[in-house]
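Student: Hi! Could you walk me through this one?
Tutor: Happy to. Here it is.

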Amino acid sequence: NIQFSQLGKRMAAGSGIEDLMEDLGKTLVNSDGSIAMLGGGNPAPIPEGQKLWRERMSSLLAEEGDGFDRMLGYYDPHQGNRRFIEAVANLFNREYGWDLEPENIAITNGGQTAFFFLFNLLGDSDSKILFPLSPEYIGYSTQGLSPESLLSVPGKIELQEKPFFRYRIDFDALPQGTPIRAACVSRPTNPTGNVLCLEDLERLHAYCRAKDALLIIDNAYGTPFPNMIFRDEAPFWREGVVLTYSLSKLGLPGTRTGIVIGPKAVCRAIASMTAVVGLANGTVGQALTLPMFEDGSILDYCRNTVRPYYETRSRCAVKIVQEELEGIPFRIHEPDGALFLWLWFPELKMHSAEFYQKLKEAGVLVVPGHFFFHNLPGDWTHASQCIRINYAMDIDGLPEAIRRIAAVLRS
Ligand code: PLP
């Protein structure tokens with residue numbers, strides 16, 4: 001009869017992100033073709049990308065000494081590989097005229113780990129982490145070791161031309177009295193594909209400055225890499241901003257490589273936390289992409305291959321959904337980027353948890369929407385009327401998958 005600590009119970013009690021990863025593993029291993037996989041956040045297997053990474057790995061294998069042998073045989077410093085960090089700093093400085101120094105950067109074992117570190121470095125029960133535009137990334141929930149440390153403000157719904165809608169930050173509803181240590185947004189937002197406009201970012205930044213809080217912007221799908229944004233955008237860098245990046249959606253989720261760019265004190269703290277929790281970071285993602293960060297070709301790959309790949313599929317997915325859900329009341333969040341469609345069924349007769357189960361029985365895996373609203377202050381029916389679908393994995397199978405969703409809705 002093994003007893004777990006309070007913390008152990010909390011972290012091992014199950015979570016939306018755990019369900020999502022379990023669904024992902026099951027279908028990847030067991031799929032017999034009968035289940036339509038629209039869950040998870042796996043990037044698409046882009047053929048040009050797969051070839052590129054194979055070629056890079058072959059080059060590494062051929063490099064004795066500093067290449068392959070160093071990658072496998074040595075721990076990196078806990079901040080990350082020095083040469084990789086310098087390459088990242090130089091790339092942003094060259095491209096955007098910033099003045100990053102290596103001390104403004106820390107590497108983590110994936111973006112997910114970066115958020116666990118950031119939220120617990122900054123948030124506690126009386127100085128919170130704010131999600132000013134809920135729904136937000138499912139993986140943020142359960143990350144605060146203090147359960148009270150996360151707080152969400154519902155997005156304001158704006159209906160657009162059918163079938164679209166958008167969430168906007170409800171600036172009037174942002175907490176004034178409550179102490180906030182950081183506000184966090186993903187841009188593009190997972191699950192909605194919303195790319196916050198510059199004006200809203202400036203307002204949010206001003207709100208954070210006035211509260212002496214950091215503004216964390218999660219660029220897991222952002223610019224300039226992987227650049228899954230369907231219009232030209234620049235990253236947002238100001239005083240008191242922390243940017244996170246990841247190599248995952250470039251097609252390298254298996255390398256578990258996250259990049260934090262921020263004030264030196266924050267990056268130093270992140271490196272310290274890496275040393276405590278895992279000694280050092282995995283080296284493979286950094287070694288594999290190093291020359292592409294050094295010569296800037298990573299940006300060409302994202303601009304010329306990644307963005308068009310997802311942009312084309314996003315348009316196509318919207319069209320398929322419109323055709324197959326004809327006659328059913330639904331809305332799609334306007335997709336500015338990322339690899340999801342966020343579907344809202346305003347007349348759904350059941351909770352999204354039940355809807356998810358019914359869809360699973362009908363052979364479609366999606367992610368139910370209620371998992372994306374973390375510690376909302378009150379009940380919001382809307383939060384149980386949405387689902388997220390990942391259209392990236394199998395666009396050819398999408399019409400059949402949406403037909404199955406339509407059949408469940410009609411019945
Ligand atoms: N942030 C967002 C918005 C994500 O969607 C994800 C993964 O799906 C992550 C962070 C974490 O990704 P990783 O740990 O693979 O870098």
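Tutor: One term before we start: a residue is near a molecule or strand if its C-beta atom, placed from the backbone, lies within 6 Å of it.
Student: Okay, so how many residues surround the ligand, and which are the closest?
Tutor: The ligand has 14 residues around it, and the closest are Gly110, Gly111, Gln112, Ser246 and Ser248.
Student: What classes make up that shell?
Tutor: The shell around the ligand holds 3 nonpolar, 10 polar and 1 charged residues. Here Ala, Val, Leu, Ile, Met, Phe, Trp, Tyr, Cys and Pro count as nonpolar, Asp, Glu, Lys and Arg as charged, and the others, Gly among them, as polar.
Student: What kind of model is this, and how are residues numbered?
Tutor: This is a predicted model: local features need pLDDT of at least 70, side-chain atom pairs count only at pLDDT 80 or more, and totals for chains, interfaces and linings use all residues. Residues are numbered from 1 along each chain as its sequence is written.
Student: Which domains is the protein divided into?
Tutor: Domain 1 covers 6-49 + 301-410, and domain 2 covers 76-296; the bounds come from an automatic or database domain assignment. Their C-alpha centres lie 23 Å apart.
Student: How many residues does each domain give to the contact?
Tutor: Domain 1 gives 43 residues and domain 2 gives 43 residues, where two residues are in contact if their C-beta atoms, placed from the backbone, lie within 7 Å.
Student: Which elements of domain 1 give two or more residues to that side?
Tutor: They are α1 (6-12), α2 (16-30), α10 (297-324), β11 (331-333) and β12 (340-344). The largest share, 9 residues, comes from α10. Helices (H or I, at least four residues) and strands (E, at least two) are DSSP runs, numbered from the N terminus. By class, the side of domain 1 that touches domain 2 has 23 nonpolar, 12 polar and 8 charged residues.
Student: Back to α10: how do its axis and that of α12 cross?
Tutor: The axes of α10 and α12 (residues 398-410) come within 9 Å and cross at roughly 35 degrees. Axes are lines fitted to C-alpha atoms, for helices over the stretch in contact, and angles run from 0 to 180 degrees between N-to-C directions.
Student: And which residues meet there?
Tutor: From α10, Ala317, Ile320, Val321 and Glu324 meet Leu398, Pro399, Ile402, Arg403 and Ala406 of α12. That contact divides into 7 nonpolar, no polar and 2 charged residues.
Student: How do β9 and β10 pair, parallel or antiparallel?
Tutor: Antiparallel, over 4 bridges, and Thr244 stands opposite Val260 in β10.
Student: What about the sheet of 6 strands?
Tutor: That open sheet is ordered β5-β6-β11-β12-β15-β14, and its pairing is mixed too. The edge strands are β5 (156-159) and β14 (367-368). β5 and β6 form a hairpin with 4 residues between them, and Leu159 stands opposite Phe165 in β6.
Student: Which residue in β11 is the bridge partner of Phe165?
Tutor: His333 is; β6 and β11 pair in the parallel sense over 2 bridges.

Terms used:
Pairing = 2+ DSSP bridges.
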